[in-house]
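This briefing goes with the sequence and structure shown below.

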Amino acid sequence: MTMKLILAIITITAALVFYTMGVFSERRSGTLQKKHVILFWCGLLFDTTGTSIMSSMAKGAGLLSAHGITGALAIVLMLFHALWASIVLGKKDERKQRSFHKFSIVVWLIWLVPYILGMFIGMRG
């Protein structure tokens, strides 16, 4: 296993940890808070970093595969999610802050698809 692959695995796993902590601590608290938004941005940063490393190592179709398409969609959704969370928090709309977790769970579930696909692809290779 190369150092590049180890670094990619660590960063993508860190993305899973940060994003999961953000989504479920937001849900548990019942309202979107600054710490959740920070965790969302950390998850996005680590996922983008890990994905970039993996992409630099990939051979073949890459973006045109099921993993590539779902991975790109997940990063776009994570970016939108973090931006929207920042806006909702900045506007201090308590109603939207209390219901934001519904959107967070959907984005997290979609993000899990390429994460799991990537694990299976890695185990096959």
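**Loop, core and selected side chains**

Lys92 lies in the loop between α3 and α4; helices (H or I, at least four residues) and strands (E, at least two) are DSSP runs, numbered from the N terminus. The model is predicted: local features need pLDDT of at least 70, side-chain atom pairs count only at pLDDT 80 or more, and totals for chains, interfaces and linings use all residues. Residues are numbered from 1 along each chain as its sequence is written, and side-chain values use heavy atoms, with hydrogens and water left out.

**The loop residue**

- Lys92 has a phi near 55 degrees, a positive value in a residue other than glycine.
- Most residues other than glycine have a negative phi.
- Lys92 counts as exposed because its relative accessibility is 64%; buried means under 20% relative accessible area, exposed over 50%, and partly exposed in between (1.4 Å probe, protein chains only).

**Nonpolar core**

- The largest nonpolar core has 23 residues, of which Tyr19, Leu32, Phe40 and Trp111 touch the most other members; such a core is a set of buried Ala, Val, Leu, Ile, Met, Phe, Trp, Tyr and Cys residues joined through side-chain atoms within 4.5 Å.
- At least two residues of this core come from each of α1, α2 (34-57), α3 (66-91) and α4 (94-124).
- Beyond its neighbours within four places in sequence, Tyr19 is in contact with Leu39, Phe40, Gly43, Met78, His81, Val107 and Trp108; contact means heavy atoms within 4.5 Å.

**Helix α1**

- Ser25 is placed in helix α1, which covers residues 3-29.
- Ser25 counts as buried because its relative accessibility is 16%.
- A polar atom of the Ser25 side chain lies 2.6 Å from the backbone oxygen of Met21.
- With neighbours within four places in sequence left aside, Ser25 is in contact with Thr20, His36 and Leu39.
- Phe18, also in helix α1, is partly exposed because its relative accessible area is 25%.
- Leaving out neighbours within four places in sequence, the contacts of Phe18 are Leu39, Cys42, Gly43 and Phe46.
- Phe18 and Leu45 are 27 residues apart along the chain, and their C-alpha atoms are separated by 9.9 Å.

**Surface patch**

- Met1, Met3, Ile6, Ile9 and Ile10 make a nonpolar surface patch of about 550 Å².
- Patches are made of residues with over 30% relative accessible area and no salt bridge, with like charges joined within 9 Å and nonpolar side chains (Val, Leu, Ile, Met, Phe, Trp, Tyr) within 5 Å; a salt bridge is a side-chain nitrogen of Lys or Arg within 4 Å of a carboxyl oxygen of Asp or Glu.
- Met3, one of the patch residues, has its place in helix α1 and counts as exposed because its relative accessibility is 64%.

- Ile87 is found in helix α3 and is partly exposed, with a relative accessible area of 40%.
- His101 is found in helix α4 and is buried, with a relative accessible area of 17%.
- The side chain of His101 reaches the backbone oxygen of Arg98 at 3.1 Å.
- Apart from neighbours within four places in sequence, His101 is in contact with Glu26 and Arg27.

Technical notes. Polar contact = N/O pair within 3.5 Å; in protein donor to acceptor, adjacent residues only side chain to side chain. Areas by Shrake-Rupley, 256 points an atom, 1.4 Å probe, with all protein chains shown as cover.
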